Structures are given as C-alpha cells and as structure tokens.
Protein chains: 2
Amino acid sequence: MEMIPFNKPYYTGKETSYIEEAVHSGKISGDGIFTKKCHDFFELEMGFNKALLTTSCTDALEMAAILIEVKSGDEIIMPSYTFVSTSNAFVLRGAKIVFIDSSDNHPGMNAQLIEDAITPRTKAIVPVHYAGIACDMEKIMDLAAKYDLYVIEDAAQAIDSFFVNKLGQKIRLGTIGHLAAMSFHETKNIISGEGGLLIVNDSKLQSRAEIIREKGTNRSAFFRGEVDKYGWVDIGSSFLPSDIIAAFLYAQLESLNEIQSSRMLIWNNYHTAFTNIENMDKLFSLPYIPSYATNNAHMFYLLCKSSEIRVSFIEYLKRNSVHCVFHYLSLHKSPFYQKNSSNEYTLPFSDLYTDCLVRLPIYPELTPLKQKWIIECVKRFVNEFC
Amino acid sequence: MEMIPFNKPYYTGKETSYIEEAVHSGKISGDGIFTKKCHDFFELEMGFNKALLTTSCTDALEMAAILIEVKSGDEIIMPSYTFVSTSNAFVLRGAKIVFIDSSDNHPGMNAQLIEDAITPRTKAIVPVHYAGIACDMEKIMDLAAKYDLYVIEDAAQAIDSFFVNKLGQKIRLGTIGHLAAMSFHETKNIISGEGGLLIVNDSKLQSRAEIIREKGTNRSAFFRGEVDKYGWVDIGSSFLPSDIIAAFLYAQLESLNEIQSSRMLIWNNYHTAFTNIENMDKLFSLPYIPSYATNNAHMFYLLCKSSEIRVSFIEYLKRNSVHCVFHYLSLHKSPFYQKNSSNEYTLPFSDLYTDCLVRLPIYPELTPLKQKWIIECVKRFVNEFC
C-alpha cells in the first residue's frame, strides 16, 4: 500500500494560469498585480487594516521586530512551545526571550502566567494561535494596555479562525494585535510553498512598514508621488515575494471556502470516530477548543498519555503506511537557548506537548477511503495496546 | 506608438510546466526537486563550491553578514555607488559601513583606494560587480589575504561574467570571494521575479550556512541522518525560496546560452551604432570594460557629460516612447547614512555616476526594429542638442 503522506499541497488548478498572467503583465517582481489582488482580499474580505505579503511568516515576524524597534535587552514574552522563528525574529534584533508555559488543556500559551513575567524591560507579547486555536486575546490585550506593550499575533496557522469575546462576538485572528504574522507554507490551509503576510493593524506603524519592506527606502511613497526621488532612509530588507508567489496564493484565496469545508469535514470525521473508539481515552486525549476560540481545521492532533505511547503509535501507523508526525520541541530546552540564557525554566505543559503530541494527515486530497483506513489503524492500535 | 519599456521579464515557456511538476511532486516548500536542480546547475555547470538559493540577493547578503559573524562596530568596506541592500545587510548586524569611491572610467569600486580604508576593525570587503563588470579581484583578494579579511562578492548583476587574471585566465565571478551573492530579480539576465543565491566558496562556512538558512536549526543535517532530531542551535532566518520560484528559475537557467546570446547581440548593436554617431562624444561616454573584466550584457548604460544632459535625454526619449532610467544614488549622501554616521566623504566619481549615468532598454524581447528606433532617437537627440 502506498504511504499516506502527512501533508499534500493542494492545487486549485488556476495557479499556473495566474502566473502566466503575471508574466504577461510585464512585472513579476514584488508588488505586481497579484500582490495587489492578495492585499485587497486580505484588507477588504478579511478586514485586516493593512496587509503586506512577505516571503515567509518568519520574515513577517522579523519585520514586526524591526517595526516595534526592538533593542538589545528588550524582553519579549512568548510560549516555549512554538516554532523557532517566533523567537529568532526577535533574537536577531538583540531581544531577550521570556518563555511562558502552555495551557494544561491545549498547547496555546497560558495567559494567566503572563502578568508575572512582565518587567520594565518587556516590550511585547507574542501569542501563538497554535493549530489555529485562539489564545485568550481579551486577557492579553488588557495586559498590553495596562503595561503599554505591543502585541504581535503569531497567526501562522490561524487563517480563517476567530477569537470569541465575552459577548459571544467572533473577532478574526490577525485583526486583534498591533501586528500579526501569517504563513502560507505548504503545510498550511492556504499555501504558496513558502510565503507569509504581515498585518499592520496599528495605523501609526504603517508608513514605516512600507519602508522596511522596501529595503529601507521610501520607494512606495515615491510611486504614490509623495516624494520626488527615493533613497535610503531606514534599515530594512527585501521582504516582498515575487508576484509569481502572489499569483499562486491568489488562486488559493479564491478557493478558501472550498478548502476550509473540505478540511473541516476531515477534522470532524476524525473527532467523531475517535470519540467512539472504546478505550481511546486510556491512550489519548482529543484536541480541546476553549470557549473563546473557533476551529479552522488547520491541524488534527492527538495527545498521547505518555511519550512511549507516542513512539509506538507513530511506528505502528508507519508500518501501516500512514505518516504521522510530532511537532515542536520546547524552545527553553534548545541548545541555542541553553547556551545563551541564564534563565531557568520549569514549563511542564510545554514539555508535555513536546513529548506527547502527534499530528495526523489532514488535507483536501485525503480521500474518505484513506481517512477510513487511518481511523481503522488508530482503532486497531488502541485494541492492541490496551 | 506604444512605450518601449526599460525592462521586460523574459519567459522561456517552460516555467509553468515545471511549477506544475513541482506541485505534483508533493513538495513546493523550500529545497524541493527544482531547488536541487538549480543547486546542481550552479555547482556542476558553474563551479560554485556550494550554492544555496535564497528569496533575494538582499537575503543572500544578510546570510553572509550572519555567517562571517559581523558584530557591532565591525567595519565593512564597499562602494557608495550601489544598491541599499549591499549596506543594509551589514547595518542590520550592527556594522559600520566604510565607503569607497568608484573608478574614474567605470562605476565599479576603485580598488586602489581600499588599503587606506582598512583599520583593525575592518571585517570584510564587499566588491560590487556593477553591470556585471568585474572589480579588480586580484588586488582585492591580495588585500584580504594581507589583512585577514573576508571578501563577499556582490555579484547581483554578474551571472555568466568573469574576472581575467594577469595570465589571461577567465575566472567566473562568484567563485572568487569567500562568499558571493547573486540576484534573479526580474531586471536581471536570469530571473524568478524576486530571488537570489548565496555562494559559499569557503568550505569552513558551509555547515553553518545550512543552519542559518534553515531558521537556525540543524534540519539539513537531520535529513542527511547525521543527527537524530533537529532543534534550535543558532540564529537564522527563513532564507529558502518556495520550490515554485526554483522551478521558474530552472527553466531560465536551461536557456542561459540563448538569453545571453540575445542580450549580447543587443549590447553590441548599441555599442557599434553609438560609436558611429557624429558628436556622440560631446554628450556621452560609452561604457568602459577594463582589461581584467568581461561583459555579460547585463546593462547598457551611457554616461552623460552633465546631469542637465541626462535630464533632457531621459525626457526626450520618453517623448519618443522609450523608457530610459538612471540608477543608484550615492549611499554616503543618503538620509539614513547622513543621520547615523559622522564620517565625511568626498566621493566625486560615485556622485558622477549618480548624476550622469543612464540605462537603455536591453532584454531578449527587444526587437531589432525597436532597437533601431531607440538608436535613431539617440542620434536625433545628439543632432538637436549639439
């Protein structure tokens, strides 16, 4: 039997004709016609104040770090259970990273622990919406207001997902922090291979964001006729993706609803099936979605009751032609952080997700027959292991 | 008459089928099958020791700055007449930029002036091969050896061009410095919209280069089976381009010879025609190619005898539907450098090229008829202006 991959990039069929359209427009460098279409989609359809495509979510986070003027010794609060780029983007500007533990019932940062970690050197809080599940943004924005901090949402996995406030209103993730970063890496719901987005909600940061993204030049203002020549006015980098990438991405955005429906169906199938497997709860917990969050079906994970169960599970599924994978390693235990920081941490829940979380295949091209096979394998594993 | 653009991205016709091939391979993030094909082309066909695709030449220069461990206060020597990214990449790591004037007969850095600019804090020399025309690399490498400095070639425009040593041997640009950076921006000979390449000639820098490019993780070693898990071991960023970009680029690389022949024909047509225009030399100098350099037909520029002539020339050609453009502004006079540096510079040749250089359309799709028209316009301008 052919291996069922953990991920398969979805292709709508329109991507390459849009790329040809970009080429025929005579401009395939950054900020061409498809970059504009993507920006419009994000601003008009999704309500982001200002959307700027970047070459990756990593780069969007780096732009954010430059924008809020992170200086040597500034402290940035974030979860330890996250991708290295969440922290590296700020370390590159000289920041000290302060890690917070995950929640006991889901991998997102435990917002109750943030206030104790705030010091006079704290510059920003970076909540990571793990698996597209919102952090407690009401609590976090209140703290930011109280201590005058920036909030940068790491919304890498959070497209089309929401925070639900106390009034029951759904507020789109990426619109809440002063800044937010999103990823279009091939493993995400909407993809361009590599790719990202910086969302600038704080209007005061917008004109400098354009400059930093254009290699530290005021080229954007020049093209709008606001200055008569453009030059080097700030630090910056080349954060613009090729319009080839934007053309690919735009085809995906047009199919957002179909992609989301398809992923949601798969997610729900897993959830229903696993709820009904006898003794499942002896080996695994199912994903928990807090009342203040929605699910965007970015990921279906199981939390194993021990790391040994996870090892056996991944091997068992591999023998049965299903590729399942673990995820992050606690950053506070990484070789880099251990070498460069004197902070001592005990973050039991971050370590729990490091050791025990396992992700199952989820993508539009996962057929019902294949998903049935995966569910069957899980059921057999539970039977054999219990 | 339709405007003749300054640049038109060339399309071989194979790009989108390669992109579809990448998608069907099941992997379109960085380091997919086409990234590998591009790396092989650069290493096997062009003889670069280690080739690593990046999202832009800017990013390749930033990788270089991280790789040579630029620290606050380190001095980096480079020409003032260059793109902002040459300097920004090092400023982002805290470097002090030391500018050198251009040569009197071409915009490249005057290598005779470098030794006087070297201090105990000098870390690297960054020669920029302007218009694909080599800097005096023998002189520069000798200085680097004498003072134990890194040499990072900014070969953004220098694909398929060479340095000619005293024995008359042609040495490919990009193979000479410890590191080199190349651009595939849509205005270059070989393109992917946005895109770049870091060339790592110094073998001692190669394993760390892989780590920095993979967000500071040892993921590459993990995939080669050299370590059993990968994690955060260094600073870094997401420098890998999407395999969509690599697929586009590979189609271009396969057509390198045709593209180069076509550009060279256009370059030579300009040169021959302008040599034969009466009174041409009262208004313009033609490009000069030093005996130690070859021409890769990246650019055809004219050097006007005054900035007033340039203004009139650009306007005259615009009225005649030809889009010609000036180029860099001396970085030592930029608002950013003026604000952040106490160095006082007098760099007359950098200012000369800033004020007087003008670039003419050159690209494979520029038809003989259109080029004839451009040459005719130049001839009429000379007649009317003299």
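Let's begin at A:I125, whose bridge partner in strand 5 of chain A is A:V151. Strand 4 of chain A and strand 5 (residues 150–154) pair in the parallel sense over two bridges. When I say that two strands pair, I mean that DSSP finds at least two bridges between them. Helices (H or I, at least four residues) and strands (E, at least two) are DSSP runs, numbered from the N terminus.

A word on what you are looking at: this is a predicted model, where local features need pLDDT of at least 70 and side-chain atom pairs count only at pLDDT 80 or more, while totals for chains, interfaces and linings use all residues. Residues are numbered from 1 along each chain as its sequence is written, and chains are lettered from A and ligands numbered from 1 in the order in which they are written.

Back to A:I125, then, which also stands opposite A:I77. That takes us to strand 2 (residues 75–79) of chain A, which pairs with strand 4 (residues 122–125) of chain A in the parallel sense over three bridges. In the pairing with strand 4 of chain A, A:I76 has A:A124 as its bridge partner.

What is the strand order of the whole open sheet in chain A? There are seven strands, in the order 1-9-8-5-4-2-3, and the pairing is mixed. Strand 1 (51–54) and strand 3 (96–100) of chain A stand at the edges with a single partner strand each, so one side of each is left without a neighbour in the sheet. From one strand to the next, the twist averages 25°.

Now let's zoom out to domains. Chain A is assigned domain 1 (15–254) and domain 2 (256–385), with bounds that come from an automatic or database domain assignment. The C-alpha centres of these two domains of chain A lie 26 Å apart. Between them, 33 residues of domain 1 of chain A are in contact with 28 residues of domain 2 of chain A; contact here means that the C-beta atoms, placed from the backbone, lie within 7 Å.

Which elements supply at least two residues each to the domain 1 side of that contact in chain A? They are helix 4 (84–91) and strand 6 (162–164) of chain A. Strand 6 of chain A gives the most, with three residues. By class, that side of domain 1 of chain A has 16 nonpolar, eleven polar and six charged residues. For the classes, Ala, Val, Leu, Ile, Met, Phe, Trp, Tyr, Cys and Pro count as nonpolar, Asp, Glu, Lys and Arg as charged, and the others, Gly among them, as polar.

On to helix packing. Helix 10 (residues 256–275) and helix 15 (residues 368–385) of chain A pack at an angle of about 30°, with their axes 11 Å apart. Axes are lines fitted to C-alpha atoms, for helices over the stretch in contact, and angles run from 0 to 180 degrees between N-to-C directions. Helix 10 and helix 15 of chain A are therefore roughly parallel to each other; angles under 35 degrees count as roughly parallel, over 145 as roughly antiparallel, 65 to 115 as roughly perpendicular and the rest as oblique. The contact is made by A:I266, A:N269, A:Y270, A:A273 and A:F274 of helix 10 of chain A, and by A:Q371, A:I375 and A:V378 of helix 15 of chain A. Those residues divide into six nonpolar, two polar and no charged.

Finally, the two chains together. The contact takes 53 residues from chain B and 53 residues from chain A. On the chain B side, the elements giving two or more residues are helix 1, helix 3 (57–67), helix 4 (84–91), helix 9 (243–254) and helix 13 (335–340) of chain B. That side of chain B has 22 nonpolar, 21 polar and ten charged residues.

How do the axes of helix 1 of chain A and helix 1 of chain B cross? The axes of these helices (residues 15–24 in each chain) come within 10 Å and cross at roughly 150°. That makes helix 1 of chain A roughly antiparallel to helix 1 of chain B. A:T16, A:I19 and A:E20 of chain A meet B:T16, B:I19 and B:E20 of chain B, and the residues of this helix 1 contact divide into two nonpolar, two polar and two charged.

Definitions and conventions: Two residues are in contact if their C-beta atoms, placed from the backbone, lie within 7 Å.
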